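User: I would like to learn how to read this model feature by feature. Could you start with what counts as a contact?

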Amino acid sequence: MKKIVCIILIIMLCITGCTSNTQPIEVLEEGYDENVDDIEEVVTSKAETYDLQWAKEMFEENYFEPDLIYPISYIEDEYQYNLGEFIFVLHGFYGVKLAEEGNSYGSTQIMINSIEISRTDNEFYQLIDGLYTDIPFNHGDEIYGFEVGDWNGDGVCDFKLRVSEGGTMHNEPSRFWLWDNEQSMFVENEQLGEISDYSTVYLASNKDNRLCSYTRYSISEYCIRYYEYKDREYICVEEEHDYFETQDGVEYRITEFLELIDGEMQVVDTKKSVYEEN
């Protein structure tokens, strides 16, 4: 069972370039219900609170000067098999740069500072704070960069938080927290975070729920890697390396297939075809 409730406490901050005639712009996400009555629960959070001036300074440190800033409190319920239901609350700020005409959004920035976790009885369970994200918009199934998924194949949902936008390598810098049965809490996995620094990390359903990473090195070269989770470590067991190569004036597309054999990645097959532009 999963439901999403999004609460955004709307407060307008006037900054340089925003005149006294500027009207607040409502930021309403899908599923927003202005009649919800649990705002007090969010406001009295155990997470450290920050004011709008602090948010303004943090945005500007990253070369983004918003005209409007809205506090974020996003709530997501997630049912965990054999563990019951967890409630995740993301706290942060949503910055808006108005378009030149002044009545529509030009660009936006999302900054999440903490994730508060509780159980269905609203009992506080775990706090993850000291966060700072910097993303311009939501991607795919992510809301404010937050996404739930079973990242280690143990049947219990984990979660990730996108940290920044990434670049030409198609990377999605993120932080990952996996459920740890021994500690009965979500524990950050730094290895996945390091992989995401240069890759897109996702679940490869066609590979028996193994983890997959996609890295683009250039416009004509990329690599797909498949990982298995063993003894609290992600081990690359398969790899597909795709690139172009010119031989005797003819351009070929080459795909190398590698597998982990005796502790080393070794080429087990190669496909080569003449590249023809459409």
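Analyst: Happy to. Contact means heavy atoms within 4.5 Å. Before we use that, two notes on the source. This is a predicted model, in which local features need pLDDT of at least 70 and side-chain atom pairs count only at pLDDT 80 or more, while totals for chains, interfaces and linings use all residues. Residues are numbered from 1 along each chain as its sequence is written, and side-chain values use heavy atoms, with hydrogens and water left out.

User: Which residues is R210 in contact with, leaving aside its neighbours within four places in sequence?

Analyst: R210 contacts L203, A204, Y227, E228, V237 and E238. R210 sits in strand β11 (residues 210–218); strands (E, at least two residues) and helices (H or I, at least four) are DSSP runs, numbered from the N terminus. Across the chain, R210 and Y226 are 16 residues apart in sequence, with C-alpha atoms separated by 6.5 Å.

User: Is R210 buried or exposed?

Analyst: The general idea is a cut-off on relative accessible area: buried means under 20%, exposed over 50%, and partly exposed in between (1.4 Å probe, protein chains only). R210 has a relative accessible area of 14%, so R210 is buried.

User: Which side chains make polar contacts with the side chain of R210?

Analyst: A polar contact is a pair of N or O atoms within 3.5 Å; within protein, one must be able to donate a hydrogen and the other to accept it, and residues adjacent in sequence count only if both atoms are side-chain atoms. The R210 side chain has such a contact with the side chain of E228 at 3.2 Å, and with that of E238 at 3.4 Å.

User: Let's step back. How many helices and strands does the chain have?

Analyst: The chain has three helices and 15 strands. Of its 278 residues, 45% are buried. Among contacts between residues at least 6 apart in sequence, 47% join residues at least 24 apart.

User: What does F146 contact beyond its neighbours within four places in sequence?

Analyst: Its partners are Y74, E76, F88, L90, I115, D141, F159, K160 and L161. One of them, E76, lies in strand β2 and is buried, with a relative accessible area of 4%. The side chain of E76 also makes a polar contact with the side chain of Y74, at 2.7 Å.

User: Which residues line the second largest pocket?

Analyst: On a 1 Å grid over the protein atoms alone, a pocket is an open set of points where a 1.4 Å probe fits, with protein on both sides within 12 Å along at least five of seven lines; lining residues have an atom within 4 Å of a point. The lining here is N152, D154, L178, W179, D180, N181, E182, V187, E188, N189, Y229 and R232.

User: Where is D180, and what does its side chain reach?

Analyst: D180 is in strand β8 and counts as buried at 6% relative accessibility. Its side chain reaches the backbone nitrogen of E182 at 2.9 Å and makes a polar contact with the side chain of R232 at 2.6 Å.

User: What should I notice about R232?

Analyst: R232 has a positive phi of about 65° although it is not a glycine. R232 is in the loop between β12 (221–230) and β13 (233–247), and is partly exposed, with a relative accessible area of 49%.
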